[in-house]
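Visitor: Got a structure to go through. Can we talk packing and rings?
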Amino acid sequence: METVFSKIIEGVIPCKKVFENDRILAFYDIEPAAPVHVLIIPKKYIASMNEVTSEDLPLIAEIHSVAQQIAVELGVAESGYRLINNCGPDSGQAVHHLHYHLLGGAKLGALTGNSSSHA
């Protein structure tokens, strides 16, 4: 399936890369929600977390390892960062290609507007 992320992976749409190997691409979000806002995506098309199979689990683990590395490199590992994966329409998933948002660089607010337990 063609998405904006597949076009970025193919190089049709440019991005400011933070990390790349043959399985994963990470780049700065063009509409950042925090001072540090990086998108981390698998190059393999997976629509959402709901479609992850047992064969994909090493890739998911590698994405998390890459997120740790990026957080260190961008100076947010010590102060804290958020790693978010939206899955499905109620979560706000806008691009149907599995991706994670790494957010940091400032004190982040509550996860949702109706919960004070995560402030």
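**Packing and rings**

Guide: Phe5 counts as buried, because its relative accessibility is 5% (buried means under 20% relative accessible area, exposed over 50%, partly exposed in between, with a 1.4 Å probe and protein chains only). This is a predicted model: local features need pLDDT of at least 70, side-chain atom pairs count only at pLDDT 80 or more, and totals for chains, interfaces and linings use all residues. Residues are numbered from 1 along each chain as its sequence is written, and side-chain values use heavy atoms, without hydrogens and water.

Visitor: And Phe27, buried or exposed?

Guide: Buried, at a relative accessible area of 3%.

Visitor: How many aromatic pairs does the structure hold?

Guide: One. Phe5 and Phe27 form it, edge-to-face, at 5.9 Å centre to centre and 70 degrees between the planes. Rings of Phe, Tyr and Trp (its six-membered ring) pair if their centres lie within 6.5 Å; planes under 30 degrees apart are stacked, over 60 edge-to-face, the rest tilted.

Visitor: Where do the two sit in the chain?

Guide: Phe5 is in helix 1 (residues 4-10) and Phe27 in strand 2, 22 residues apart. Helices (H or I, at least four residues) and strands (E, at least two) are DSSP runs, numbered from the N terminus.

Visitor: New topic. How many residues has the largest nonpolar core?

Guide: 20 residues. Such a core is a set of buried Ala, Val, Leu, Ile, Met, Phe, Trp, Tyr and Cys residues joined through side-chain atoms within 4.5 Å. Ile24, Val38 and Leu102 are among those with the most contacts inside it.

Visitor: Which helix gives the most to this core?

Guide: Helix 2, with seven residues.
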